[in-house]
Amino acid sequence: MAEEQRCYGTESDPNCKTATTAEPTMSPTQTSEVAAGSLELEDYDLKCLFCRIARGQEPSTELLPCENEDLVCFKDIKPAAPHHYLVVPKKHVGNCNDLKKDHVELVENMVAVGKTILKRNNFTDFKNVRMGFHMPPFCSISHLHLHVLAPVNQLGFISKLIYRANSYWFITVSVIVVSAAYKCI
């Protein structure tokens with residue numbers, strides 16, 4: 001099986017796929033202006049790809065319509081299923097190990113956005129959906145991001161391993177919510 005090249009719009013390599021083919025809701029300039037005005041510098045990591053995407057500074061990544069002002073959503077550059085989206089907070093949160101009790105609402109909002117995106121794309125069989133997070137050190141980007149995958153029964157062999165529910169490297173939302181709820185530190 002040939003491995004696809006991973007790129008996030010920072011290179012002009014013709015072999016790179018763009019992150020999405022969905023119609024953008026606003027121009028990259030408008031998105032950049034809105035995102036830049038809504039985040040403080042301490043919530044942003046200049047070196048973080050997802051921080052730049054959240055601010056609209058990666059023009060090859062088209063943001064999907066998202067009704068939550070604290071989150072952005074876009075298609076995964078390397079989809080494991082016909083519907084594979086990433087829901088990302090605009091504020092920089094390192095990874096799921098950094099989640100605490102006060103982040104439970106954020107995770108619940110990320111799930112709500114994921115479900116909304118699936119509905120907008122005419123997918124409503126929520127028994128055939130997997131939502132979760134990669135555990136460090138298996139995170140490709142150290143910025144919290146929820147994988148929304150559907151339909152799960154169409155995952156390929158390798159993807160079934162990579163996104164295996166509640167494995168050592170990928171945990172579902174229900175597990176992370178319980179874990180974060182008990183962290184009081």
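Modeller: What follows concerns peptide bonds and phi angles. This is a predicted model, in which local features need pLDDT of at least 70, side-chain atom pairs count only at pLDDT 80 or more, and totals for chains, interfaces and linings use all residues. Residues are numbered from 1 along each chain as its sequence is written, and side-chain values use heavy atoms, with hydrogens and water left out.

Colleague: What is the peptide bond from Pro136 to Pro137, cis or trans?

Modeller: That bond is cis, with omega near 10 degrees. Pro137 sits in the loop that links β3 (130–134) to β4 (146–150). Helices (H or I, at least four residues) and strands (E, at least two) are DSSP runs, numbered from the N terminus.

Colleague: And what of the bond from Ala150 to Pro151?

Modeller: The bond from Ala150 to Pro151 is cis, with omega near -15 degrees. Pro151 belongs to the loop between β4 and α4 (157–162).

Colleague: Why remark on such features?

Modeller: Because most peptide bonds are trans, and most residues other than glycine have a negative phi.

Colleague: Turning to phi, what is the value at Asn122, and where is Asn122 found?

Modeller: Phi of Asn122 is positive, near 60 degrees. Asn122 is in the loop between α3 (104–120) and β3.

Colleague: Is Asn122 buried or exposed?

Modeller: Asn122 is exposed, at 71% relative accessible area. Buried means under 20%, exposed over 50%, and partly exposed in between (1.4 Å probe, protein chains only).

Colleague: What about Asn166?

Modeller: Asn166 has a positive phi, near 55 degrees, and lies in the loop between α4 and β5 (170–172). Asn166 is partly exposed, with a relative accessible area of 42%.
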